[in-house]
Amino acid sequence: MALKRQYDMSSLFSMASMTDVIFLLLIFFMVTSTFVFPTALEINLPQSSEQTALKPSTRVYIDKEQIIYASFAEEEPQAVTDEQLLGFLQLAQSQQPDGVIALYADAEVPYGRLVEVLDLGARNGLKMVLATKPAPSSARPRQ
C-alpha cells in the first residue's frame, strides 16, 4: 500500500514581489538623487581651506558669463539685473534678519565683479559671504 502526498512540491519561485521591490527602490533613488544638485547652474567655485557650517537660505550666483542669478530658500535661481539684485537682497534680508547671503561665483569671474556685488551688500548693511569649495588635503595649511 503506497501512500501518496496530497500536494506536489513545486520547484518554481515567483519573482513578482521581488521585481516590485526593485522598482520601488529604483524610483526612490531616482527621486532622492535630484536633491543632491540644488541648482542647474554650472559654477566652478574657487578653492579654500576654510569652511563654515552655515547654510544660507539666500543665494546669489554669478556664472562665467557674469550673469547674476538669485534665489531664496529652495526656489529656482532667476536671472536678475544689478538694479533688481539690491531689491531682492533687501527683501530676503527683511524675511530673515539674521540670515547670511551666500555669493557663489565661478572661478573665471573677474575679482572686480565680485567686489562690486559684495560692496553692494556691504553698503546696504547686508551680511554676505563668498562661497568656495573645499581645497584638496594636500593644499591645506598644516596646523
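Author: In this predicted model, the protein chain runs in the order α-β-β-β-β-α-β-α-β-β, which gives three helices and seven strands. Of its 143 residues, 28% count as buried. Among contacts between residues at least 6 apart in sequence, 64% join residues at least 24 apart.

The largest nonpolar core has 19 residues, and the members that touch the most others are Val-60, Ile-62, Ile-68, Leu-85, Leu-89 and Val-117. Two or more residues each come from strands E2 (58-62), E3 (68-72) and E5 (101-105), and from helices H2 (82-95) and H3 (111-123). H2 supplies the largest share, four residues. In soluble globular proteins, nonpolar side chains tend to be buried together.

Now the rings. A search of the whole structure finds two aromatic pairs. In one of them, the ring centres of Phe-28 and Phe-29 are 5.3 Å apart and the planes meet at 70°, so the pair is edge-to-face. Phe-28 has 48% relative accessibility and therefore counts as partly exposed.

The other pair, Tyr-61 with Tyr-104, is stacked, with 5.2 Å from centre to centre and 25° between the planes. Because Tyr-61 lies in strand E2 and Tyr-104 in strand E5, this pair ties together parts that are 43 residues apart in sequence. Tyr-61 is buried, at a relative accessible area of 6%, while Tyr-104 is partly exposed, at 22%.

As for the surface, the protein chain exposes about 11100 Å², with carbon and sulfur atoms supplying 59% of it.

Terms used: Residues are numbered from 1 along each chain as its sequence is written. This is a predicted model: local features need pLDDT of at least 70, side-chain atom pairs count only at pLDDT 80 or more; totals for chains, interfaces and linings use all residues. Side-chain values use heavy atoms; hydrogens and water are left out. A nonpolar core is a set of buried Ala, Val, Leu, Ile, Met, Phe, Trp, Tyr and Cys residues joined through side-chain atoms within 4.5 Å. Buried means under 20% relative accessible area, exposed over 50%, partly exposed in between (1.4 Å probe, protein chains only). Contact means heavy atoms within 4.5 Å. Accessible areas come from the Shrake-Rupley method with a 1.4 Å probe; for residues, only the protein chains shown count as cover. Rings of Phe, Tyr and Trp (its six-membered ring) pair if their centres lie within 6.5 Å; planes under 30 degrees apart count as stacked, over 60 as edge-to-face and the rest as tilted.
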